[in-house]
Amino acid sequence: MNILKTTALTALVGALAMPAMAEQRVLKLFTDASDPAPKAAFEQLVAGFEAENPDVTVEVNTFDHEGYKTAIRNFLTADSPDLANWYAGNRMAPFVKAGQFVDVSDVWEENGLKDSLSSALSSMTIDGKQWGVPYTYYQWGIYYNKDVYAKAGVDVPTTWDEFISNCEKFQEIGVDCLTTGTKALWPAAGIFDYLDLRTNGYDFHMQLTNGEVPWTDERVRNVFAEWAKVVPYTSKNVAAIDWQDAASNIVQGKAANYVMGNFAVATFKDGGMTNDTLGFMDFPTINSDIPRAEEAPTDTIHIPAGAKNVEDAKKFLAYLARADVQSEVNATLGQLPINKNSEVGDDPFLQQGFEVLSTAEGGIAQFFDRDAPAQMAKAGMEGFQEFMAYPDHLDAILERLEKMRQRIYKD
């Protein structure tokens, strides 16, 4: 009898427990956050979400950064997760156009994200709809040597004309006005992007990187006309050095300015610079009629079209968009939250970057080699490098890039 009672009781407890167990849901997240800081940030993110949603278990599958670029193209068409991290702007566009990302405009509407994530709205929008949630970015701009500025007796410029005028003063004291290192090509793209954003604006820049504008267009020539003004004051050996070597020019006072991303601050400081000697400025205004756009590579999370648990995936995106969550995640990443109501630490460069990006009414570009297809990006950056060494080659460079455009974007 006791055995029967025990058996019956066990069965009853099991039957009662079954609905509770059945309610435990799984959310699959694929990511390339394999480096220490991103990995820690994702672990923190998942732990926080699970604590608030105890009925959901998040299973994370982490790929190495380079391998993920191939893997995402495979798993979006085969064994799809519920969430996948990627990048904003033109990098997400092919997946959107192929119907492989879910429209999450409802998440944006229900959580007021068009306001709180306003700086990244344009880079997350295609055909008037939003296709994911951005959670981190970092600013680009001009880093400069304060001591060199003091020695030359010049102020930090707010316009391009003022910047070029300062270049003459730096030349008088034997200092390069601008330095960069284009051995790996990409640093020159930062200069081009900002000159185009300040000359023609965000929409034109996106049209150009989308292949919708000929490289021989007069508006493109206008960008190079502005660039030509600073070429005589730029370090002469930039094609032969890496970006870290160019950073040494700033550290040693051989150059005054460097167009670079905020990740370079650690390199400047490793060289001996401090907050007292290293400065940051937003790229100067060229056309005051154009809304200010910025360069800020943006990481995002999306719901693949093959997701099995869309409801919880949308909960996760809403959680990811919150100001407090983005504050915590980016404190771990050492980057900037996109939610304008988030907080950043006491690092002055992050504070400046947060202000610059949060108030960028003109849009956020993703950097030339993210915004343009790989072949066009490589050809463009080779052209930028050549122009810096041989400005008189401009016609040939633009004609070559135009032929590439016609071939690459023909589909």
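These legends describe close-up views of a predicted model. Residues are numbered from 1 along each chain as its sequence is written, and side-chain values use heavy atoms, with hydrogens and water left out. Local features need pLDDT of at least 70 and side-chain atom pairs count only at pLDDT 80 or more, while totals for chains, interfaces and linings use all residues.

**View 1. An open, mixed sheet of 4 strands.** The strand order is β8-β9-β7-β10, and the pairing is mixed. Strands (E, at least two residues) and helices (H or I, at least four) are DSSP runs, numbered from the N terminus. Two strands pair if DSSP finds at least two bridges between them. β8 (176-179) and β10 (278-281) are the edge strands, and each pairs on one side only. On average, neighbouring strands of this sheet are turned by 25 degrees against each other, direction ignored. β8 runs parallel to β9 (residues 255-261), with 3 bridges between them. Within this pair, L178 stands opposite N257 in β9.

**View 2. Helix α10 on the sheet.** Helix α10 (residues 186-199) packs on the sheet and touches β7 (140-145), β8 and β9. Contact means heavy atoms within 4.5 Å. The direction of α10 makes about 90 degrees with that of β9. Axes are lines fitted to C-alpha atoms, for helices over the stretch in contact, and angles run from 0 to 180 degrees between N-to-C directions.

**View 3. Strand β3, enclosed on both faces.** β3 (residues 83-87) is largely enclosed by the rest of the structure, because 5 of its 5 residues are buried. Buried means under 20% relative accessible area, exposed over 50%, and partly exposed in between (1.4 Å probe, protein chains only). L83, N85 and Y87 cover one side, A84 and W86 the other, and all are buried. Strand β1 (residues 25-31) runs parallel to β3 and is joined to β3 by 2 bridges. Here L29 stands opposite L83. Strand β12 (residues 298-302) pairs with β3 in the antiparallel sense, over 4 bridges. The bridge partner of W86 in β12 is T300.

**View 4. The surroundings of L83.** L83 belongs to strand β3. Its relative accessibility is 0%, so L83 counts as buried. Leaving aside neighbours within four places in sequence, the contacts of L83 include L27, K28, L29 and F30. Also among them are I301, H302, I303 and P304. A313, F316 and L317 are in contact with L83 as well. W108 lies 25 residues from L83 along the chain, and their C-alpha atoms are separated by 16 Å.

**View 5. Helices α9 and α12 side by side.** The axes of α9 (residues 160-172) and α12 come within 9 Å and cross at roughly 25 degrees. The two helices are therefore roughly parallel to each other. Angles under 35 degrees count as roughly parallel, over 145 as roughly antiparallel, 65 to 115 as roughly perpendicular and the rest as oblique. From α9, the residues W160, D161, F163, I164 and C167 meet E226, K229 and V230 of α12. By class, this contact has 5 nonpolar, no polar and 3 charged residues. Ala, Val, Leu, Ile, Met, Phe, Trp, Tyr, Cys and Pro count as nonpolar, Asp, Glu, Lys and Arg as charged, and the others, Gly among them, as polar.

View 6. K229 forms a salt bridge with E226, and the closest N and O atoms are 2.9 Å apart. A salt bridge is a side-chain nitrogen of Lys or Arg within 4 Å of a carboxyl oxygen of Asp or Glu. Both residues lie in α12 (residues 218-230), 3 residues apart, about one turn of the helix. K229 is partly exposed, at 36% relative accessibility. E226 is buried, at 15%.

**View 7. Further salt bridges.** The count of salt bridges comes to 20. E294 and R292 meet through their side chains, at 2.9 Å from N to O. E294 is buried, at 0% relative accessibility, whereas R292 is partly exposed, at 21%. D324 forms a salt bridge with R322, with the closest N and O atoms 3.0 Å apart. D324 is partly exposed, at 38%. R322 is partly exposed too, at 29%. R25, D55, D312 and K315 are linked in a network of salt bridges.
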